Amino acid sequence: TNQWFLPAVRGDIPPGCAAHGFVCDGTRILVFGGMVEYGRYSNDLYELQASRWLWKKVKPQAPSTGSPPCPRLGHSFSLYGNKCYLFGGLANESEDSNNNVPRYLNDFYELELQHGSGVVGWSIPVTKGILPSPRESHTAIVYCRKDLGSPKMYIFGGMCGCRLNDLWELDIETMTWSRPETKGTVPLPRSLHTANVIGNKMYVFGGWVPQSAGGEISAHDGEWKCTGSFSYLNLDTTEWIGLISDCQEDKSNLLPGPRAGHCAVAVGTRLYIWSGRDGYRKAWNNQVCCKDLWYLDTEKPPAPSQVQLIRATTNSFQVKWDEVPTVEGYLLQLHADSPVPSVAGIPGTGVPETSVLSSQGGSSLHQSPQSLPSVPYPEMKVDHPSQTNNVIPNNNVNWEPDTSRNAVHPQNVGEINVQVSLSSNSLLKVEGKEKVASPENKITQETMKNHADATGFKESNALSLLPVCTSNRQWYDVGIFKNNSAVVSQFYLLPEETLSISNKMESADVPDYRLLKKQDLFPGTVYRFRVAAINGWGGGPFSKVSEFKTCIPGFPGAPSTVKITKSVDCIHLSWEPPASPSGNILEYSAYLAIRSTQLQENPSQLVFMRIYCGLKTSCIVTAAQLSNAHVDYTSRPAIVFRISAKNERGYGPATQVRWLQ
């Protein structure tokens, strides 16, 4: 929503403080130390449970040897695993807060956390090597290479009478300090800057830098200024790369202005920068507080998951895909086959109870009474392609103010009504809004293939989802969507001169859809879908291809708005009639995926048992029936139901419901 809000916190609310330590561990936040008022520093530790907005003052055990950390500000406080690492800062030697006697620190503490909430206590690790010099207003990050599992903590810069730009490394496993040799141009000495890890890079932005004459930096710099310079350190090669220099002009205000004391956070591959202050020298009347929020996309987004089918009609699809964090929108494309003739097969009347569809769509006999034809499960698990680290060209950083996130205009954005709200207190994201659902009662639903008719004709009105080869095919834009769902009833026809760019999304400009002709979807036609995410870098790679087929006219649509209510010894299953019944609904059938030896041999081939047949739009599932249920682990563990409607022509497509366990 891009809207700030002030949560109603409760509990042991800490006093306002500056230059404190701050880490985020899941849904809890830990705050240590800081300046409560001029000359009075804190060594209190507070925990905020952000899921409940509850503050709690925690009291860690003192170290077995030595004293606990003294009150301080400007320290670093870094999280790795279940431990926080505290280094350095500035203390006041005087007991009189009005008589500030600064003392720079280089002590090092380890704080062990309890799982979920609470802490164990402080310890003072025994380290090897030379300890970094005392400092405050430095940065510390923790990085662990994927191929070499030894985590390292890196300390950069800070203040100790003068600004620093030295880099220190701590091997957390061996507790050994060292000074890594670096390549490239080291950033200017600085304090009150930020450092964030994204991938294998440590991004350093802003801070106070010396105001020097003739390029010389004094041992005790009396004058300094804020900077908007921006660099990163490749943590695998220890090479510095400059992205925005200190003297780079920005007449168009396309970059964050110089600042210090700001905050920065990495969300996925996006870096956000908020606030800070700008000014020269030490005079407070020369400083201006910033109130702007910026973000930087450091890489192209990864490929989204495969497009999943929610519901199909004769001329439309309702589809969705998994969200990709911090993207502006999604480009959805399709490729159309020729319409399938309606004479390919005449649907039968009734649901076969002894046939099973193979993964290719053919039918075979299976001697299991009351079993629904088993079809490939469309919510397929797809491995995301590995993300590549794109190096940002020097002096070509595309920062964007966070207030201008309307560059992507949604086209034909569809509403998804596939997740059901039930009574409890946990949040479930539905249709872009927050609704309430019980953790044990969350369900998702998708339209599945229809039942094969008794004649075995697989082309009646079946929906298919099969990975296909995409080479040498023409892809058409469905549109750019803000959210991860769409109702597809049309697609855009590109002019012939632009057809060649459709397979190179990352290098193609988004066309003006208002100037393009639209093509409606046809009944009984196979369409292939793919989707790509878009951020400030442009479009990322496309997802794997999904394949669906529109229904043939005359059959009922899939039931909708499925709800599950749990009671002591059973569950209540209910649904709404199809939006397009195509005649009178004669009956509904509900099925439950059950355990079977066939399922053990082929886990993707679900076997269903009919648990209801009748005119009512609800049924009871008994505990005895549930005891035989198969728990599907394709994504999150779930019990699977299918519900379909029958009219004079036969059964239409089934709606599949995954009841999350």
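## Basis

Residues are numbered from 1 along each chain as its sequence is written, and side-chain values use heavy atoms, with hydrogens and water left out. Because the model is predicted, local features need pLDDT of at least 70 and side-chain atom pairs count only at pLDDT 80 or more, while totals for chains, interfaces and linings use all residues.

## Nonpolar cores

A nonpolar core is a set of buried Ala, Val, Leu, Ile, Met, Phe, Trp, Tyr and Cys residues joined through side-chain atoms within 4.5 Å. Buried means under 20% relative accessible area, exposed over 50%, and partly exposed in between (1.4 Å probe, protein chains only). The largest nonpolar core has 24 residues. Leu573, Trp575 and Phe641 touch the most other members. Elements giving two or more residues to this core include β42 (560–566), β43 (570–576), β44 (587–594), β45 (607–614) and β48 (638–647). Strands here are DSSP runs (E, at least two residues), numbered from the N terminus.

Trp575 has contacts (heavy atoms within 4.5 Å) beyond its sequence neighbours. Not counting residues up to four places away in sequence, Trp575 touches Tyr588, Tyr612 and Ile643, among others. Its partners also include Pro559, Val562, Lys616 and Cys619. A second, separate core has 23 residues. Val307, Phe317, Leu332 and Cys551 are among them.

Strand β44 is mostly covered: eight of its eight residues are buried. In a regular strand the side chains alternate between the two faces of the sheet. Glu587, Ser589, Tyr591 and Ala593 point one way from β44. Tyr588, Ala590, Leu592 and Ile594 point the other way.

Two strands pair if DSSP finds at least two bridges between them. β44 and β48 run antiparallel and are joined by six bridges. Here Leu592 has Phe641 in β48 as its bridge partner. β44 also pairs with β45 in the antiparallel sense, over seven bridges. Tyr588 stands opposite Gly614 in β45.

Arg610 lies in strand β45. Arg610 is buried, with a relative accessible area of 19%. Its side chain makes a polar contact with the side chain of Ser589 (3.2 Å). A polar contact is a pair of N or O atoms within 3.5 Å; within protein, one must be able to donate a hydrogen and the other to accept it, and residues adjacent in sequence count only if both atoms are side-chain atoms.

## Salt bridges

A salt bridge is a side-chain nitrogen of Lys or Arg within 4 Å of a carboxyl oxygen of Asp or Glu. The whole structure holds 17 salt bridges. One of them joins the side chains of Lys225 and Asp246 (2.9 Å, N to O). Lys225 lies in strand β17 and Asp246 in the loop between β19 and β20, so the pair ties together parts that are 21 residues apart in sequence. Lys225 is buried, at 19% relative accessible area. Asp246 is partly exposed, at 28%.

Arg270 forms a salt bridge with Asp297, with the closest N and O atoms 2.8 Å apart. Arg270 lies in strand β21 and Asp297 in strand β24, so this pair ties together parts 27 residues apart in sequence. Arg270 also forms a salt bridge with Glu328, at 2.9 Å between the closest N and O atoms. Glu328 is in the loop between β26 and β27, 58 residues apart from Arg270. Both Arg270 and Asp297 are buried, and Glu328 is buried too. Elsewhere, Asp25, Arg28 and Glu47 are linked in a network of salt bridges.

Key:
Helix = DSSP H or I, 4+ residues; strand = E, 2+ residues; numbered from the N terminus.
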